[in-house]
Amino acid sequence: MLEVKGVCAGYGRVQVLWDVDLTVSANEIVALVGPNGAGKTTLLRALSGMVPIRDGSVTFLGEDITGRSIERIVDLGISHVPEGRRLFPGLTVKDNLRLGGWRNRNTDIDRVIDLFPKLGDRLSQVTGSMSGGEQQMCAIARGLMGKPDLIMIDELSMGLAPVIVEEIIGRLADIAASGTAVLLVEQDVDAALTVAERAYVMETGRVVMSGNAGVLLADPRIQQSYLGIA
Ligand code: ATP
């Protein structure tokens with residue numbers, strides 16, 4: 001569904017991504033892990049049209065989207081839940097969700113409430129007054145309001161208690177099963193590789209390992225570098 005080939009991208013004269021290859025199939029959960037500054041966020045930004053791609057190509061559902069506008073990429077079915085969530089903190093949960101469905105005229109919030117029932121009790125609460133976990137649920141739900149074929153979630157667990165992370169990560173399989181593939185950037189490597197089917201490890205702007213997530217989780221290099229297991 002998503003095919004990234006030889007992508008190079010960066011900011012101004014600074015190149016961050018070097019020759020990145022990555023694929024995501026329909027209904028798949030794919031994790032992207034790596035240390036701070038590896039380029040994971042930059043890759044998501046490049047895929048959603050926020051950072052220009054200097055070389056290489058991105059194909060989504062058979063269409064070349066390299067260099068396409070953010071709006072076109074959203075309309076084609078890629079939703080991006082950015083690092084820090086970027087909700088409208090002064091608006092209610094309901095209004096944030098309705099904004100997520102604005103481009104595709106989707107007003108059916110029941111589907112995302114089924115996924116995150118806690119949001120159902122909070123519809124008239126302003127999002128800025130909710131807990132971090134509730135805000136992350138709202139950000140993902142807002143992304144799903146566009147009925148995307150692919151949702152890219154950046155740093156799902158940032159600032160959240162492990163029990164909340166587990167609760168939210170537990171919904172990803174339902175999201176994938178309902179027809180939205182997931183590309184998950186995550187610092188919690190254990191959680192990411194447990195929920196994902198496949199994974200990519202990035203270091204200094206390059207993919208250095210990739211494959212079956214369970215196999216990567218058992219790899220001594222991953223265990224030493226990312227899980228603190230000697
Ligand atoms: P983190 O987990 O810390 O967010 P990351 O793997 O997502 O790390 P990026 O945020 O993509 O990494 O950063 C990759 C590199 O790009 C870093 O060296 C960073 O300093 C640089 N960078 C990120 N955003 C910008 C920007 N707006 N302008 C210039 N350089 C940037």
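1. Basis of the model. The structure is a predicted model, in which local features need pLDDT of at least 70 and side-chain atom pairs count only at pLDDT 80 or more, while totals for chains, interfaces and linings use all residues. Residues are numbered from 1 along each chain as its sequence is written, and side-chain values use heavy atoms, with hydrogens and water left out.

2. Two domains. The chain is assigned a domain 1, made of 2-77 + 148-226, and a domain 2, made of 84-146; such bounds come from an automatic or database domain assignment. Taken over C-alpha atoms, the centres of domain 1 and domain 2 are 22 Å apart. To their contact (heavy atoms within 4.5 Å) domain 1 gives 18 residues and domain 2 gives 15 residues.

3. The interface. Between them, domain 1 and domain 2 bury about 1300 Å², and 64% of this lies on carbon and sulfur atoms; buried area here is the accessible area (1.4 Å probe) that two parts lose on being put together, summed over both. On the side of domain 1, the residues that lose the most area to domain 2 are Pro148, Ile168 and Arg171, which together make up 30% of what that side buries. The rule finds 1 salt bridge across this interface, where a salt bridge is a side-chain nitrogen of Lys or Arg within 4 Å of a carboxyl oxygen of Asp or Glu.

4. A nonpolar surface patch. Phe88, Leu91, Leu99 and Trp102 form a nonpolar patch on the surface, and their accessible area together is about 410 Å². Patches are made of residues with over 30% relative accessible area and no salt bridge, with nonpolar side chains (Val, Leu, Ile, Met, Phe, Trp, Tyr) joined within 5 Å and like charges within 9 Å. Leu91 belongs to the loop between strand 6 (78-81) and helix 3 (93-100); helices (H or I, at least four residues) and strands (E, at least two) are DSSP runs, numbered from the N terminus. Leu91 counts as partly exposed because its relative accessibility is 33%, given that buried means under 20% relative accessible area, exposed over 50%, and partly exposed in between (1.4 Å probe, protein chains only).

5. Thr127. This residue sits in the loop between helix 5 (117-120) and helix 6 (132-144), and Thr127 counts as buried because its relative accessibility is 1%.

6. Val112. Located in helix 4 (residues 110-115), Val112 is buried at 1% relative accessibility. Its contacts, leaving aside neighbours within four places in sequence, are with Leu97, Ala141, Leu144 and Met145.

7. Two backbone angles to check. Most residues other than glycine have a negative phi. Asp19, in strand 2 (residues 14-24), has a positive phi near 55°. Asn27, in the loop between strand 2 and strand 3 (29-33), likewise has a positive phi, near 65°, and Asn27 is partly exposed at 38% relative accessibility.

Definitions and conventions
Areas by Shrake-Rupley, 256 points an atom, 1.4 Å probe, with all protein chains shown as cover.
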